[in-house]
Amino acid sequence: MMSNPILKVENLHVNFNTYAGTVQAIRDVSFDLNKGETLAIVGESGSGKSVTTKTLMGLNAKNAVIPENSRLIFKDRNLLDLKEEEWQSVRGNEIAMIFQDPMTSLDPTMKIGMQIAEPLIKHRHIKKEAALTRALELMKGVGIPNAEEHINDYPHQWSGGMRQRAVVAIALAADPEILIADEPTTALDVTIQAQILTLMKKLQQETESSIIFITHDLGVVAGMADRVAVMYAGKIVEYGTVDEIFFNPQHPYTWGLLNSMPTTDTQVGTLEAIPGTPPDLLEPPKGDAFAARNVYALGIDSKQEPPFFKVSETHFAATWLLDERAPKVIPPVQIQKRWAHWLEMQGQEAY
Amino acid sequence: MMTANTEDFVIVGAKNSDANEHISKPALSFWQDAWRRLKLNKLAVISMWFLILILAFAVISNIFVPQKDANAFNSDKVGVYKNLPPNSGLPIPGWDGKIKAPGDNASTDVYESQGVPDGEKFILGTDNIGRSVAKRVTVGLRISLLVAIVATLIDLLIGVAYGVFAGWKGGWIDNTMQRIIEILSSIPNLIIVTMLGLLLGNGILSIILAIAMTGWLGMARQVRNMTLSLKERDYVLAAQSLGESSFKIAIKHLIPNMAGTIIVQVMMTVPTAIMFEAVLSAINLGVKPPTASLGSLISDAQAMLQFYPYQVLIPSAILVVVSLAFVLLGDGLRDAFDPRASED
Amino acid sequence: MWKYILKRLVLMVFTLFLVITATFFLMQIMPGTPFNNPKLTPQALAQLKTTYGLDLPLWQQYLSYLVGAVHGDFGTSFQYQNQSVSMLIGQRLPVSAHLGAQALVVGIIAGLIMGAVSARNKNNKIDGTLGILSTLGISVPSFILGIVFVYLFGFKWPIFPVSGWGDSFSQTILPTLALAASPAAITTRFVRSEMIESLSSDYVQLAKAKGLSDKEIVNKHAYRNSMIPVLTLVGPMAAGLLTGSTLIEQIFSIPGIGQQFVTSIPSKDFPVIMGTTIVYAAMLMVMILITDILTAIIDPRVRLQ
């Protein structure tokens, strides 16, 4: 798994200048993405996960400011140095994106086949006919029945699930190395969600592309991701393999997210919401941004920002609770059960 | 790096949730927020003050320029006072009482040649029977604004009542009422205005009615659409389940929540009404002479455009500037009420 | 689709029937007819009434008018005796239609271009200038623009002829421009806002994510999405043109039906007023129907129910 990464994000900061002041949407985010893996970025709305994806696509709004020490290394170059024309040869070609809402993401006045063919015409420089032939294959590949009959349809003639398949086909058209999926199933029915996720997994195995999967829903992460990064208030607070995050979580925010997620063995009445709302990133709080909502907050949390503490070779968490001076806290019951399960997985006895 | 003391490693827990909910942006109500955005639009603010001044002027001018004054002329001295060009008393070219007739090389001082007594001057000139254009225009503006504003208020009443009723009742009532609007709006406004103008005669009231009969369609359509969406809102459903009467719900919940849209629509209706008043005057269905409106002043003087352009251009300019101010303010209000515009 | 068109046609015929009926009975209660002339002898008056069929019972007059209207016969003019209304309208309609169509085409094309330019230059000087121009365009009634044009380009700097029709193309320039200003302004504002909305839409974001350039996005996605809805404006703009053209024809001495309509009002030439009214209403309704059908054909989003 730990082969050389295809994408390295280093010290990413993104600020937005607004009339009320500067919003610090991304505050020092670093992560790697390996070839063929799926990295899930999980967080509440406003945690900066969508800004991260937009930055990776070079699609931030004009008022975004990215400091010079931020780096996005992809194929030996820093994407943040690219000019707009150079970005255009990356977007949809080497890095592609699956959008959230299939009802509004397709151009209502253009035939779907043509919309799928567009990236091919742009990046592969092939004729319209050839591109449409390939678009037809893609439509079959994403499971659109009787694709031949529907290649000249307009989006309004299709259901949401079918449209999202078309959006997936558009993203896959030019065989991108990295696929960014921004909440690709949020707008869909549960049954359709599962179909789209299965489809993405299958296509990933066929094409060996890497996926960055953005979601607020830990539930869909379990079956999809190899690794998970949890974001809060513009920072990554914990990252590790999917098993480490699900069964050995260390950050109280991750505990909160897991606790607010229903599982098959959830007892009635144990589903808990995290109290409060994320901080306003116009004036990010001093120290640990989560401290104000954290029932396990330490005195130091409001004074100094926690560094990443190493849990394992692949698992890091930014919480003072992992400092050797910190008292041993007892996590919520649900988390204790997960920890117990983790120990079983490690072949050890629970204490 | 580690400068912390051991006492920092004590659990203090979450802060109370009030501190959590702190939002750095100042909280503004809908109207305050709209006002803040409107103030950013300089043209709209200028238009608003301009309109306030114009309306105040129209009301106050009743005292110092009564209608009789503006209509009166001395039939013995028409030859002396007729068609005098605007004279500011200052040597401003084109505004000094001199006029260059077409074909002439030098301009002549009309005040001198017609034998107007020294010291007497008309700041906006006189018309073809020697009445002061300034006074005529003051009265004309008054009448035009009166016609337009009253017609718009009638539109407002009919349109809101019709729209709320249709939208609230829904079903076949809404359907029928929609068909009626559809039929009426496929008949050109000009025809409806002309027919009513013919039927009701030349009084100010009949002009107001004729104009009001066409303007309410747009208002009714918008209000009906908004009612349809508002009546599904929780607070309306709650009021309903509490047994509030439909009339009370309309007054307390529906209309206040569409006030923004209604205000914008009103701002856009006034210039249309001003324009239709002028159209009626031009097709001989306007105010009865000697009463003046901006429209009647324009159409009466139009034949003399080549020789006395000021008699046409002055009321035209006033009509345009007033309409423009309403449109600019309407645009500004539309942007101010539209939260999507706040990102700019 | 056909069912929808049929439904619309039925509604149209019904509306026209209402218009004819309403105008007929309105005219009956209108104060004053040209026959109020006290100099007319009772015999002459009776003679006139027989000629115009006014001695028949009202329901018979109404029926014969209705039957006539269906056949395009709107009776005989009071003003120009022995001239049938349909002939008067027939002579003048082509002139008005020519002027109206020319103004509409010029206005819409100018509006499409200015709106697109404005949106692409959002919030800079070009956008600001076009914004002022289009706001002026909707605030200045066409007849005032016509008067100003006559004054400026007819008298002050006599570049264009300011009266008449049919002798030269240059005669059509000023009235066309005066009439086109308002449709151009309406279209500009509409296209601008549609295009700005389109450029911030999800499908444009997706097009960007495909790697398309700004130019490709505007040409392939934004234009089509923001220009098709302009068709829905054609109906209301045509109605506005009807109003404007009556006065413009008056100002520029153009022998169209508008001018005739205006002169028939003070002379209470009811047959002409009625005939013109019906023709106007029919023209507007056909216009709206055609643009609705066109919209449905061109815009895949619109389905006729």
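## Interface of chains C and B

Chain C and chain B together bury about 3,500 Å², with 82% of it on carbon and sulfur atoms. Buried area is the accessible area (1.4 Å probe) that two parts lose on being put together, summed over both. The model is predicted: local features need pLDDT of at least 70, side-chain atom pairs count only at pLDDT 80 or more, and totals for chains, interfaces and linings use all residues. Residues are numbered from 1 along each chain as its sequence is written, chains are lettered from A and ligands numbered from 1 in the order in which they are written, and side-chain values use heavy atoms, with hydrogens and water left out.

On chain C, 42 residues are in contact with 40 residues of chain B. Contact means heavy atoms within 4.5 Å.

## Polar links and composition, C to B

The rule finds 1 salt bridge across this interface. A salt bridge is a side-chain nitrogen of Lys or Arg within 4 Å of a carboxyl oxygen of Asp or Glu. Arg189(C) and Asp331(B) form it, at 2.6 Å from N to O. There is also 1 residue pair in polar contact, both residues at pLDDT 80 or more. A polar contact is a pair of N or O atoms within 3.5 Å; within protein, one must be able to donate a hydrogen and the other to accept it, and residues adjacent in sequence count only if both atoms are side-chain atoms.

Elements giving two or more residues to the chain C side include α1 (2-29), α7 (170-199) and α12 (270-298) of chain C. The largest share, 9 residues, comes from α1(C). Helices (H or I, at least four residues) and strands (E, at least two) are DSSP runs, numbered from the N terminus. By class, the chain C side has 32 nonpolar, 7 polar and 3 charged residues. Ala, Val, Leu, Ile, Met, Phe, Trp, Tyr, Cys and Pro count as nonpolar, Asp, Glu, Lys and Arg as charged, and the others, Gly among them, as polar.

## Two domains of chain A

Chain A divides into domain 1 (5-225) and domain 2 (230-350). The bounds come from an automatic or database domain assignment. Their centres, taken over C-alpha atoms, are 29 Å apart. In domain 1, 28 residues are in contact with 19 residues of domain 2.

The two domains bury about 1,800 Å² between them, and carbon and sulfur atoms give 62% of that. Arg27(A), Glu44(A) and Leu218(A) supply 39% of the area that domain 1 buries against domain 2, more than any other three residues.

## Links between the domains

The domains share 1 salt bridge. Glu44(A) pairs with Arg293(A) in a salt bridge, the closest N and O atoms being 3.1 Å apart. The domains also have 6 residue pairs in polar contact.
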